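Please look over the sequence and the structure first.

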Amino acid sequence: MTSAITAAGLRKSFGGHVALDGVDLTVTKGTIFALLGPNGAGKTTTVNILSTLLKPDAGTATVNGFDVATQPADVRESISLTGQFAAVDEILTGRENLVLMARLRRVKDAGQTADDLLARFQLTDAAKRRVATYSGGMRRRLDIAMSLVGNPPVIFLDEPTTGLDPQGRIEVWNSVKELAGQGTTVLLTTQYLDEAEQLADRIAILRDGRIIANGTLAELKQLLPPAKVEYVEKQPTLEDVFLAIVGATGTGGDPAMTAASAPTSKEQR
């Protein structure tokens with residue numbers, strides 16, 4: 001399959017601190033690739049190099065077939081980058097933010113592009129509201145929508161759900177899944193294990209500037225010894241209760257009663 005992103009031997013130091021120490025990775029077109037690791041592991045540095053914001057001290061990388069060192073302008077035309085904090089104008093409405101971005105990128109029909117993206121990210125009802133009134137999840141979805149103006153084939157999401165509540169995280173997860181479903185290549189960084197598990201086709205674990213594991217979720221699970229089989233009573237988790245109460249589970253009836261009356265069951269662990 002064709003690769004959208006490749007990196008070989010990426011190294012980067014800041015003074016005496018080694019941020020990246022020989023990073024190799026390959027991301028297939030149209031897939032979600034998660035770069036997982038704790039704070040300071042080198043995730044953002046990797047993204048900044050791949051998006052041409054930083055130059056590596058050594059190593060090579062290509063994005064959409066263009067070399068990040070020798071063809072940075074071509075790389076920038078092929079990508080969009082969403083940082084750790086939503087880069088939206090709170091004074092403007094959601095639609096005005098999108099129209100502004102479309103005009104900056106010289107999209108012909110800025111208004112129609114804005115309306116299409118609002119519909120795609122379930123923000124049409126809030127289109128004429130100032131972004132200052134949006135929830136965290138709505139702002140993040142608008143931020144991702146703005147990054148898609150011009151239909152870039154590759155998008156970088158740097159810790160896209162940092163600071164969001166559980167419902168906001170799920171909203172963003174659904175948006176990211178939709179991106180990949182429509183052919184966009186997504187490289188996201190995260191320190192949340194469940195986020196990588198829910199979203200990624202492939203996961204690389206980064207620690208101290210080096211990738212120490214890389215594979216599908218099934219492949220990574222095989223690194224562990226066989227699990228001991230036990231039978232336990234399964235109780236609803238706090239997440240189960242929360243989603244039932246806010247109505248995000250899609251079940252009918254009274255959500256509070258759904259959570260309170262959920263039966264326990266036996267399962268293998």
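This is a predicted model. Helix H1, residues 43-50, lies across strands E3 (32-36), E6, E7, E8 (185-190) and E9 (202-207). These strands belong to an open sheet of 6 strands with mixed pairing.

**Sheet**
- The strand order is E6-E7-E8-E3-E9-E10.
- Strands E6 (79-82) and E10 (210-215) stand at the edges; each has a single partner strand, so one side of each is left without a neighbour in the sheet.
- On average, neighbouring strands of this sheet are turned by 15° against each other, direction ignored.
- E6 and strand E7 (residues 154-158) run parallel and are joined by 4 bridges.
- Ile79 has Val154 in E7 as its bridge partner.

**Helix on the sheet**
- Helix H1 runs at about 150° to E8.

- In soluble globular proteins, nonpolar side chains tend to be buried together.
- The largest nonpolar core has 40 residues, and the members that touch the most others are Leu98, Phe121, Leu142, Val176, Val186 and Leu188.
- Strands E3, E7 and E8 each give two or more residues to this core, as do helices H3 (94-104), H4 (110-120), H5 (136-147), H6 (166-181) and H7 (193-199).
- Leaving aside residues up to four places away in sequence, Phe121 touches Arg141, Ile144, Ala145, Leu148, Ser175 and Leu179.

Conventions: Residues numbered from 1 in each chain as written. Predicted model: local features only at pLDDT ≥ 70, side-chain atom pairs only at ≥ 80, totals over all residues. Heavy atoms only, no water. Pairing = 2+ DSSP bridges. Axes fitted to C-alpha atoms, helices over the stretch in contact; angles between N-to-C directions. Contact = heavy atoms within 4.5 Å. Core = buried A, V, L, I, M, F, W, Y, C linked by side-chain atoms within 4.5 Å. Buried < 20%, exposed > 50% of the residue type's maximum accessible area, 1.4 Å probe, protein only.
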